Amino acid sequence: MPNTRTIQFELYTHTDPLFPIGKASALDEIVFDTQGDELVLDCLLPSDAVSGNKLIITATHLDARYVNFSGTLQLDDMDIMRGSVELILQGSGQAGSYMTQLSLLGETGGVKNVVDAQVELSHPLYGKDTSEQSTKSNQPFFKTLSAKLSELKNDVLNGLALQR
């Protein structure tokens, strides 16, 4: 199976007469490309994409419970004419398989099209301003836990101050 960094909404088989020669299919292995501390994927746009639509992409490691990488892109007329875009994802994570979801949102924010794919990352990637720990701390559970611990610490400190 060839490695490719291209993801597409309409997945074709190699026997389908509409299969675009040389493009990724469900039979190809999709891999992330890296540029510095960012992940890169190419996306073939679906037929219902129009200028002003937004693409949202998330990638979650198969062993994780939170999103490791994400990115958004608003489509313009040139993107529609080309029929493809380069998606940049930022975040951090370990090497391995990622469940990647790509959503096409319309002008009102409704989901027009969506595709899920398993994408491979060959080496760990930690962004310059992020680490695995800071990514975890941005998740709701960790935010709630952190807020509760801060509240408890303040209560204890206030109680000690009142005893003096």
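**A guided reading**

Author: At 13% relative accessibility, Ser-103 counts as buried, where buried means under 20% relative accessible area, exposed over 50%, and partly exposed in between (1.4 Å probe, protein chains only). Before we go on, please note that this is a predicted model, in which local features need pLDDT of at least 70, side-chain atom pairs count only at pLDDT 80 or more, and totals for chains, interfaces and linings use all residues. Residues are numbered from 1 along each chain as its sequence is written, and side-chain values use heavy atoms, with hydrogens and water left out.

Reader: In which strand is Ser-103 found, and which residues does Ser-103 touch beyond four places in sequence?

Author: A contact means heavy atoms within 4.5 Å. Ser-103 belongs to strand β9 and touches Phe-9, Lys-54, Leu-55, Ile-56, Asn-113 and Val-114, if residues up to four places away in sequence are not counted.

Reader: How many helices and strands does the protein have, and in what order do the elements run?

Author: Helices (H or I, at least four residues) and strands (E, at least two) are DSSP runs, numbered from the N terminus. Here there are 3 helices and 11 strands, and from the N terminus on the order is β-β-β-β-β-β-β-α-β-β-β-β-α-α. Of the contacts with a separation of 6 or more, 65% are between residues 24 or more positions apart.

Reader: How should I read the confidence of the model, and what is the mean pLDDT of the protein?

Author: pLDDT is the predictor's confidence in each residue, from 0 to 100. The mean for the protein is 77, and 72% of its residues reach 70 or more. Among the elements, α1 has the highest mean pLDDT (95), while helix α2 (residues 132-137) has the lowest (48).

Reader: Over which residues does pLDDT stay under 50?

Author: One such stretch is residues 11-27, for which the model has 22 contacts beyond four places in sequence. Over residues 130-135 the pLDDT is also below 50, and this stretch has 12 contacts beyond near neighbours in sequence. Where pLDDT is low, the predicted coordinates should not be read in detail.

Reader: Which residues of the largest nonpolar core touch the most other members?

Author: A nonpolar core is a set of buried Ala, Val, Leu, Ile, Met, Phe, Trp, Tyr and Cys residues joined through side-chain atoms within 4.5 Å. The largest one has 25 residues, of which Ile-7, Phe-32, Cys-43, Leu-55, Phe-69 and Leu-102 touch the most other members. At least two residues of this core come from each of β5 (38-44), β6 (54-61), β8 (84-93), β9 (96-105) and β10 (111-121). β10 provides the largest share, 4 residues.

Reader: How many aromatic pairs does the structure hold?

Author: Rings of Phe, Tyr and Trp (its six-membered ring) pair if their centres lie within 6.5 Å; planes under 30 degrees apart count as stacked, over 60 as edge-to-face and the rest as tilted. The structure holds 2 such pairs. In one, the ring centres of Phe-32 and Tyr-98 are 6.1 Å apart with planes at 80°, so the pair is edge-to-face. Phe-32 lies in the loop between β3 (29-31) and β4 (33-35) and Tyr-98 in strand β9, so this pair ties together parts that are 66 residues apart in sequence. The rings of Phe-69 and Tyr-98 have centres 5.6 Å apart and planes at 65°, so that pair is edge-to-face. Because Phe-69 lies in strand β7 (residues 69-74) and Tyr-98 in strand β9, the pair ties together parts that are 29 residues apart in sequence. Phe-32, Phe-69 and Tyr-98 form one aromatic cluster.

Reader: Are Phe-69 and Tyr-98 buried or exposed?

Author: Phe-69 is buried, with a relative accessible area of 0%, and Tyr-98 is buried at 0% relative accessibility.

Reader: Which side chains meet in a salt bridge?

Author: A salt bridge is a side-chain nitrogen of Lys or Arg within 4 Å of a carboxyl oxygen of Asp or Glu. By this rule the count is 1, and it joins Asp-79 and Arg-82 (2.6 Å, N to O). Asp-79 is buried, with a relative accessible area of 7%.
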